[in-house]
Amino acid sequence: MLLWKRRHFVRDVGLLAGVALAGGGLATPARAEDLLAAIKARGTLLVGLEGTYPPFNYQDEKGELVGFEVDFANALTAQLGVKPDFRPTKWDGILAALESGRIDVVINQVTITPERQKRFDFSQPYTVSGIQIIVRKGDEAKINKPADLAGKPVGVGLGTNYEQWLRQNVPTADVRTYDDDPTKYQDLRAGRVDAVLNDRLVAADFVKKSGGPFVGAGEPFAKQLQGIALRKDATFLAALNAGIDALRASGELEKISVKWFGTDVTK
Amino acid sequence: MDSGLSLVVQSLPFLLKGALYTTCLSIGSMLVGLALGFGVALLRLSGVPALVIPARVYVSFIRGTPLLVQLFLIYYGLPQFGIRLAPIPSALIGFTLSVGGYSSEILRGAIAAVDPGQWEAAAVVAMTRAQTLRRIILPQAARTALPPLGNSFISLVKDTSLAATIQVPELFREAQLISARTFEIFSMYLTAAALYWMLSSVLAALQTHMEKRANLYSR
């Protein structure tokens, strides 16, 4: 501690400022038109997903990544003539990983919002969903529509469109943010939150599998479209959209949807 | 970087509010944890197996398991046994237990490091063990203990960021919330880092000051 001197502190702060400026410079994305060519040359598409989001993407009993989006990514990369390289990433860091080039796309139920579109390109939607309120069994008569959330502790994923929707539409709700699904449902079970907001498709699957303690309350609301997120790049975007078009035309996308949801959730 | 800078200015009130939580969590668990640590150190030095063994198990558990896991046990685990603590009490308990474990080892070491001859000399002038501890041993042990204690308190300030995972709206969580909303990742975490750095620098300065005071009469 005796080595700690004022002039060192001044120097270190200068150093930090330098690092900050350099960081700002590095944030410029790589040359856009090269990405598709680079992916084809590499032969793999780096796909960011959580891997903990059933039934979209999760590990099965054998530890293998499965789910609607895993099948979708496999079919889509086949269209592009490459193989998917799945990179499980926590949600709160997933868009940062995309921005920094650690992954090429995010296929993880990213809802298309104007804020996100300022930063990223989105493919055409490949699922259509809405927000579902999930409550403890027995509470569904009290809490079953957005207005019922006012003044109550409500759990949402950190940095999700559910967090954003809640803050904008029910400003009096006590917003609690969680890093993943298991922790928010644990707090719902423990009574620290009275409701959880999630994708209706996820909620239906989750309520069924949880076997009792939770129920989906009321009808889903606020229609949402989910697309593949990518760094801004018109060529790559066009290739992804063409791939999805082909999967729709061949009926493969619908087939995958029926396999996981029993119905077509892609339109 | 322009948008980053104005955003940092805009979000500063939120980050400062987070820093206030961080400061309160740190100071609260530091004070109670130090008292706990002192108690545990005395238990370990007592030489009575019924007291020494629980103290050793406690210290071993605290030092041998990740703080994050301890926090999850308290916050997410205890509700299964009907003990439902709010985020801030959970964090305070977790950090206090952690400080208690680490500081007890530091204090025990510092007390043990005082020459045993001092105990004998004090006994010769008919001081009781408690008197010897208070008048002779502790003032000397304090000098030995101060630098490592300062170290572990600075670690504590940084470790409080783990409370973000159990719903405490402290500094790191605020930075996470803002960067998730705005995608300003680098500038937001850099600002949080700068605030942590400032907090620990204040502690480091305080430590230097206390060390000087403790050494005033030593030579």
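Predicted model: local features only at pLDDT ≥ 70, side-chain atom pairs only at ≥ 80, totals over all residues.
Residues are numbered from 1 along each chain as its sequence is written, and chains are lettered from A and ligands numbered from 1 in the order in which they are written.

View 1. Chain A has 10 helices and 12 strands, where helices (H or I, at least four residues) and strands (E, at least two) are DSSP runs numbered from the N terminus. Domain 1 takes in 34-126 + 227-261 and domain 2 covers 129-224, with bounds from an automatic or database domain assignment. Their C-alpha centres lie 26 Å apart. Across the boundary, 11 residues of domain 1 are in contact with 12 residues of domain 2; a contact here means C-beta atoms, placed from the backbone, within 7 Å. On the domain 1 side, strand 2 (52-53), helix 4 (91-99) and strand 6 (105-111) each give two or more residues. That side holds 5 nonpolar, 4 polar and 2 charged residues, counting Ala, Val, Leu, Ile, Met, Phe, Trp, Tyr, Cys and Pro as nonpolar, Asp, Glu, Lys and Arg as charged, and the others, Gly among them, as polar.

**View 2. Helix 3 meets helix 9 in chain A.** Helix 3 (residues 68-80) and helix 9 (residues 234-249) of chain A pack at about 115°, with axes 9 Å apart. Axes are lines fitted to C-alpha atoms, for helices over the stretch in contact, and angles run from 0 to 180 degrees between N-to-C directions. The two helices are therefore roughly perpendicular, on a scale where angles under 35 degrees are roughly parallel, over 145 roughly antiparallel, 65 to 115 roughly perpendicular and the rest oblique. Helix 3 passes helix 9 in a right-handed crossing; a crossing is right-handed if the near helix is turned clockwise from the far one by less than a right angle, and left-handed if anticlockwise. Look for A75(A), L76(A), Q79(A) and L80(A) of helix 3 against A239(A), G243(A), I244(A), A246(A) and L247(A) of helix 9. The contact divides into 7 nonpolar, 2 polar and no charged residues.

View 3. Helix 6 (residues 161-169) buries N161(A), Y162(A), E163(A) and L166(A); buried means 20 or more other C-beta atoms within 10 Å of a residue's own, exposed means 12 or fewer, and partly exposed lies in between, with C-beta atoms placed from the backbone. These residues of helix 6 pack against strand 6, strand 8 (127-136), strand 9 (153-157), strand 10 (174-178), strand 11 (195-199) and strand 12 (214-231). In helix 8 (residues 200-210), the buried residues are R200(A), L201(A), A203(A) and F206(A). Their cover includes strand 8, strand 11, strand 12 and helix 10 (252-261). Just after helix 8, G211(A) takes a positive phi of about 65°.

**View 4. An exposed glycine in a loop of chain A.** G63(A) sits in the loop between strand 3 (57-59) and strand 4 (65-66). This glycine is exposed, with 6 other C-beta atoms within 10 Å. Between G63(A) and L240(A) there are 28 Å, C-alpha to C-alpha, for a sequence separation of 177 residues.

**View 5. Helix 2 across helix 4 in chain B.** Chain B has 8 helices and 0 strands, and its C-alpha trace spans about 70 × 50 × 20 Å along its principal axes. Helix 2 (residues 49-64) and helix 4 (residues 87-113) of chain B pack at about 115°, axes 9 Å apart, which makes them roughly perpendicular. The crossing of helix 2 past helix 4 is left-handed. Y58(B), V59(B), I62(B) and R63(B) of helix 2 meet L97(B), S98(B), G101(B), Y102(B), S104(B) and E105(B) of helix 4. By class, this contact has 5 nonpolar, 3 polar and 2 charged residues.

**View 6. Helix 3 on helix 4 in chain B.** The axes of helix 3 (residues 67-77) and helix 4 of chain B come within 9 Å and cross at roughly 140°, so helix 3 is oblique to helix 4. Helix 3 passes helix 4 in a right-handed crossing. From helix 3 come L67(B), Q70(B), L71(B), I74(B) and Y75(B), and from helix 4 P87(B), S90(B), A91(B), I93(B), G94(B), L97(B) and S98(B). Here 8 residues are nonpolar, 4 are polar and none is charged.

Technical notes: Contact = placed C-beta atoms within 7 Å.
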